[in-house]
Amino acid sequence: MQGWQEFQVEGWVSKWESPRIEKGQLVLQPRSSGWFEDNYGGHLYREIEGDFIVTTRINVQGTKSLIPQRSFSLAGIFIRQPREFTKDNWDLKGENWIFFSTGTAFPTGKPHFEIKSTYNSLSTLKISEAVTGWMRLRVGRAGELFTFLYLLVGSQEWLVLDQFFRPD
């Protein structure tokens with residue numbers, strides 16, 4: 001976890017169990033929370049600037065099943081404009097971020113991809129069918145263009161799920 005920081009606002013309740021390494025893999029177990037409009041969930045982060053490609057290998061599971069059994073139980077890549085605040089000076093309508101995730105959205109118990117874009121705390125989401133198990137998610141940024149791709153186990157071909165512009 002070298003180079004990564006855990007997002008936590010002093011005085012706010014933690015949104016997940018402590019991150020841990022099991023069999024060489026990072027395990028994150030969330031508590032009830034969510035990234036939507038002005039709401040927060042947990043995340044690990046590192047600051048970057050400019051154009052980039054970020055890739056993760058991920059497998060989202062329920063606590064007692066291969067797929068989460070609660071709606072909007074997802075994990076993935078989260079890109080957020082830095083915002084400095086404390087529990088005392090936090091205010092509404094200041095969230096600007098996008099994410100590309102997998103898990104289950106709605107209807108519950110089916111595998112989904114979710115792409116969510118939040119601008120000034122107004123969230124818009126796109127839900128697509130996915131598969132369960134390990135996969136790779138990738139987000140590339142070239143200027144204002146963001147591209148969302150995935151790679152299934154056993155495949156050599158990255159598939160583009162969506163692209164959109166974020167001028168902010």
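The protein carries 19 positive and 19 negative side chains, and the centres of these two sets are 8 Å apart. The model is a predicted one. Side chains of opposite charge can pair when their charged atoms come close. In this structure, eight salt bridges are present.

**Salt bridges of Glu95**

- Glu95 forms a salt bridge with Arg80, with an N to O distance of 3.2 Å between the side chains.
- Glu95 and Arg83 each lie in the loop between strand 6 and strand 7, 12 residues apart, and the pair links distant parts of the chain.
- The relative accessible area of Glu95 is 1%, so Glu95 falls under the 20% cut-off for a buried residue.
- Arg83 has a relative accessibility of 17% and therefore also counts as buried.

- Lys87 and Asp88 form a salt bridge through their side chains, with an N to O distance of 3.2 Å.
- Lys87 is partly exposed, at a relative accessible area of 44%.
- Asp88 is exposed, because its relative accessible area of 65% is over the 50% cut-off.
- One network, built from salt bridges that share partners, comprises Arg80, Arg83, Asp91 and Glu95.

**Fold and dimensions**

- The protein has 12 strands and zero helices.
- Its pattern along the sequence is β-β-β-β-β-β-β-β-β-β-β-β.
- The radius of gyration is 16 Å, close to the 15 Å given by the globule rule for 168 residues, so the protein is as compact as a globular protein of that length.
- Along the principal axes, the C-alpha atoms fill a box of roughly 45 × 40 × 35 Å.

**Burial, contacts and surface**

- Of the 168 residues in the protein, 33% are buried.
- Among contacts with a separation of 6 or more, 53% are between residues 24 or more positions apart.
- The accessible surface of the protein is about 10800 Å², and carbon and sulfur atoms account for 50% of this area.

Notes: Residues numbered from 1 in each chain as written. Predicted model: local features only at pLDDT ≥ 70, side-chain atom pairs only at ≥ 80, totals over all residues. Heavy atoms only, no water. Salt bridge = Lys/Arg side-chain N within 4 Å of Asp/Glu carboxyl O. Helix = DSSP H or I, 4+ residues; strand = E, 2+ residues; numbered from the N terminus. Buried < 20%, exposed > 50% of the residue type's maximum accessible area, 1.4 Å probe, protein only. Rg over C-alpha atoms; globule rule 2.2 N^0.38 Å. Contact = heavy atoms within 4.5 Å. Areas by Shrake-Rupley, 256 points an atom, 1.4 Å probe, with all protein chains shown as cover. Lys, Arg positive; Asp, Glu negative; His and termini not counted. Charge placed at Lys NZ, Arg CZ, Asp CG, Glu CD.
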